Amino acid sequence: MTLNKTFLIACTVILLNGCNQEESSTLSTAVEPPKTDVELLNEQKWDDNRVYVTKDNYILMKEANGTIPGIMKPCFVVNSAKEWPREDLSNTDSYDLPRVDFRWNNGDFVSASASEKAIYESYDKVWSIKTDGTDLRLVTDDFSGDVRIMRRSPNNRYLAYSYASRTSGGTDKVVFDVQTQKSTLLGTDLGHSQFLWAEDSSYLYFEDRAKYWKYDIVSGKTTQMDDDFHFSEVGVIYGGKRYVVAGLGISVYNEATGRELYGVSVLPIELAERDYLNINHERKMKYVLKNRSISPDGKYAWGESAQYRYFINLETKEVKSEKIVRSEVGDYQYFEQLGLNANYVRDGAGGVIFLKLNEDKTVPKDKWMNWPQVCSGHSATLSWLYNGFANNGAFIKEDK
């Protein structure tokens, strides 16, 4: 539900006592209840036209930059995260659009001698928001450390994430249940983190201690996978297939049998993989995908290396590429969050770039929008799309 001024300012309710039909009855009116702190704050005239959600948190409406003037977007100032509305699976209004998880330390930098509350506000938390920039929700603050990666289950209920723990000294891997608000620790190590959810959200693959594991949601049982099992930090399981977006391309597996069905490489035809292994590091980095994304159904994938961007149709196995020119906006730029059927892309967390792609899946140079999403704290990153099939994949309500 969009947190707008109508929602924030409660209507004054006049209570009328029931009138007795007898002539001797008299009409009485209940005393109007005192106004809340939020109502009193919102009655004031603010130079920035802020609208308070709680007494310490408010929303600023800012005009988005772009080719369409006059579009206003909310920018959130959260000084007390524990007072901010949490994500609620029973609130159907929150799920009428695709959503994005991201990490945000909503408070300012503080010293070790600061108050407990100030330190808490400066710590990482996991937040979520609709793709149109509305309905900010706190997902979890049930940890103390810096978030490394997060992945939401297809049914929206579970969040798998890892963080550099301030207590264990390692990287904790956790599953958080949005419905019960309970966290389950999967493992702790000093290494890399990866997560991949089952299509029906019944199990989760994760990496821990340089091994791959399968966690069953119902039983809580963890099983080590065979050495020839593969997945990556960017991927999806859909239609019985496991899509693995790796450093040099995409591999597609039959999820039930584990058999590889096919692969799509981003290497140029003249450079076979065996030859790639023999070239020097500098040449290799021209092709290794450092940024990657995939659409919710696995049909499209995107990657960006040091020198190139790639857009891959995994049904036709067609690879389109462009050389990166830093002074120009590319045809395949800003694809961090790749929507269903690659109709929309969204990039960023602290500041958002929003695009509806052309029919040929390229960036429209004449139709774009960007806005500041958060107006407090010092960083917001690691956006990841979920609920991607809502509204037929369209990132705004007008398009379906």
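## Salt bridges

A salt bridge is a side-chain nitrogen of Lys or Arg within 4 Å of a carboxyl oxygen of Asp or Glu. The structure is a predicted model, and by this rule 23 salt bridges are counted in it.

Asp208 counts as buried because its relative accessibility is 1%, under the 20% limit. Lys173 is likewise buried, at 0% relative accessibility. A network of salt bridges links Lys173, Asp189, Asp208 and Arg209.

## Two further pairs

Glu255 and Arg242 meet through their side chains in a salt bridge, at 2.8 Å from N to O. Glu255 sits in the loop between strand S18 (249-254) and strand S19 (260-265), and Arg242 in strand S17 (residues 241-245), so the pair ties together parts 13 residues apart in sequence. Glu255 has 13% relative accessibility and counts as buried; Arg242 is buried too, with a relative accessible area of 2%.

Arg166 forms a salt bridge with Asp146, and their closest N and O atoms are 3.5 Å apart. This pair also links distant parts of the chain, 20 residues apart: Arg166 lies in the loop between strand S9 (158-165) and strand S10 (171-177), Asp146 in strand S8. Arg166 counts as partly exposed, at 42% relative accessibility. Asp146 is partly exposed as well, at 32%.

## Largest pocket

The largest pocket has a volume of about 550 Å³. Its lining consists of 23 residues, and Lys290, Asn291, Arg292, Glu336 and Leu382 lie nearest the centre. Strands S8 (145-152), S20 (291-294), S21 (300-304) and S28 (379-386) are the elements that give two or more residues to this lining. S8 gives the most, with four residues.

Sorted by class, the lining of the largest pocket holds nine charged, seven polar and seven nonpolar residues.

## Second largest pocket

The volume of the second largest pocket is about 440 Å³. It is lined by 26 residues, of which Arg152, Val236, Pro296, Trp384 and Leu385 lie nearest its centre. At least two lining residues each come from S8, strand S12 (195-197), strand S16 (234-238), S20, strand S24 (337-338) and S28. S16 gives the most to this lining, with four residues.

In the second largest pocket, the lining divides into 14 nonpolar, eight polar and four charged residues.

Definitions and conventions:
Residues numbered from 1 in each chain as written. Predicted model: local features only at pLDDT ≥ 70, side-chain atom pairs only at ≥ 80, totals over all residues. Heavy atoms only, no water. 1 Å grid on protein atoms, 1.4 Å probe; cavity = no way out; pocket = protein on both sides within 12 Å on 5 of 7 lines; lining within 4 Å. Points joined across faces, edges and corners; volume = space filled by probe spheres on them. Nonpolar A, V, L, I, M, F, W, Y, C, P; charged D, E, K, R; others polar. Buried < 20%, exposed > 50% of the residue type's maximum accessible area, 1.4 Å probe, protein only.
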